[in-house]
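Please look at the sequence and the structure before reading on.

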Amino acid sequence: MTPPPRAAHGTPDAAPSGPAAVAPALLREARRLAPEAVALRRDLHRGPELGLDLPGTQRLVLDALDGLGLEIRTGRALSSVTATLTGAADGPTILLRSDMDALPVTEDTGLPFASRTPGLMHACGHDAHMAMLVGAARLLAGRRDTLAGRVVFMFQPGEEGEHGARHMIEEGVLEASGRTADAAFALHVQPNLPAGTVWLRPGPQMAASDRFLILVRGRGGHASAPHTTHDPVPAACEIVLALQTAVTRGLAADDSAVLSVTLLNAGTAHGVIPDTVELGGTLRTLTEPTRKQLHAAIGRVARGVAAAHAVTAEVTVLPGYPVTVNDAGFTDLVLRTAAGALGADAVDVLPACPMTAEDFSYVLRAVPGALAFLGVCPPDREPHEAPSLHSSRMTIDEDVLATGIACEAAVALAFLTGREPEPAR
């Protein structure tokens, strides 16, 4: 499927063109909030923090939410922020989520608001996520008197490998409103999609991500006499190749998995056969049965190949994030709601699931909901050439922050009221 044409810079979230075309009310309000969102995003971008302990980031978020009349809770084991908006009447609860942490990346964008912390950067767009969610909170707080139900705003540290969403669930974020959330929604920016477009699909939206470590143990010796050793190096090399075959020959052609060996450490000198070789890598899958099957295959293949070479293999599989699975009914709600709020040309079904991973998966295992991608391709690039997420040169089109604010608010309102925004006319 070909992505829709990129909107012109400055109006990435415009409704379909025409003399009578006007932006829906939510989008107009979001655009009025955009300067504050841009300023907050830049403040957050200047001060990136890693992991679960983000005191500076937490303070910026708390300051930005001050005065909105929200019930605020902060985390015990992590620098999270949970803010609850209670409507004028009783009703369901929807959770909207933003992640907060940065990456150990040295920024190379040349932006005037680039990271001031050497070796750290918001290279995955979490600064934009926080700014958009604060904007959605402002927009929805202004409609408090018309709301029947509650909105929980989840600001989560530790998405980049630290299982922050799981920690927040353990601390009660899903019950923050006094009842278990009925639905959940999150946006994730994507610079390789056209700016101002929203993409999601029912079922798997992102993959499960696991790590594996393999220690091949032999008996080293002089490199001139390999017959007197049990050389672990050729065994390790064959394990790498055999693991690829285990995927291509072990799975059906219509199943999806990626196994990549990314670490290979052995030896200290040219003339010495080492005692051990260390292998490591990542496994990405889209279903739990395939995930379990390949966990078992990694151990079976590594130990089998090692035994054929008279060496041993010690295998450790470290489970990471589960598959991020979008609820079909809620996905349909998001597609229809976003089309009404942003314009039909701005929304489409994601044609295939990328093999990246997200810990919002923990939330979606507990309550129905969806994660969607928001295209933020910078205005001077085409989507296919824009620096990707986790790149030291990753940038976004800040005009799209208004799109994200409107989309999050529209989904919340549609879920709480049962009414979707009127499409642009």
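## Helix 2 and helix 3

The axes of helix 2 (residues 55–65) and helix 3 (residues 126–141) cross at roughly 20 degrees and come within 10 Å. That makes helix 2 roughly parallel to helix 3 (angles under 35 degrees count as roughly parallel, over 145 as roughly antiparallel, 65 to 115 as roughly perpendicular and the rest as oblique). Helices (H or I, at least four residues) and strands (E, at least two) are DSSP runs, numbered from the N terminus. Axes are lines fitted to C-alpha atoms, for helices over the stretch in contact, and angles run from 0 to 180 degrees between N-to-C directions.

Helix 2 contributes T57, V61, A64 and L65 to the contact, and helix 3 contributes M130, V134, A137 and R138; contact means heavy atoms within 4.5 Å. By class, this contact of helix 2 with helix 3 has 6 nonpolar, 1 polar and 1 charged residues. Ala, Val, Leu, Ile, Met, Phe, Trp, Tyr, Cys and Pro count as nonpolar, Asp, Glu, Lys and Arg as charged, and the others, Gly among them, as polar.

## Basis of the model

The model is predicted: local features need pLDDT of at least 70, side-chain atom pairs count only at pLDDT 80 or more, and totals for chains, interfaces and linings use all residues. Residues are numbered from 1 along each chain as its sequence is written, and side-chain values use heavy atoms, with hydrogens and water left out.

## Helix 9 and its partners

Helix 3 packs with helix 9 at an angle of about 50 degrees, and their axes are 8 Å apart. Helix 3 and helix 9 are therefore oblique to each other. Among the residues in contact are A128, M132 and G135 of helix 3 and L401, G404 and E408 of helix 9. This contact of helix 3 with helix 9 has 11 nonpolar, 2 polar and 1 charged residues.

The axes of helix 7 (residues 328–342) and helix 9 (residues 401–417) come within 9 Å and cross at roughly 125 degrees. Helix 7 and helix 9 are therefore oblique to each other. The contact includes F330 and L333 of helix 7 and T403 and A406 of helix 9. Its residues divide into 12 nonpolar, 2 polar and no charged.

## The largest pocket

What lies nearest the centre of the largest pocket? Of the 40 residues that line the largest pocket, E160, S209, R284, A357 and H390 lie nearest its centre. The lining of the largest pocket divides into 19 nonpolar, 14 polar and 7 charged residues. On a 1 Å grid over the protein atoms alone, a pocket is an open set of points where a 1.4 Å probe fits, with protein on both sides within 12 Å along at least five of seven lines; lining residues have an atom within 4 Å of a point.
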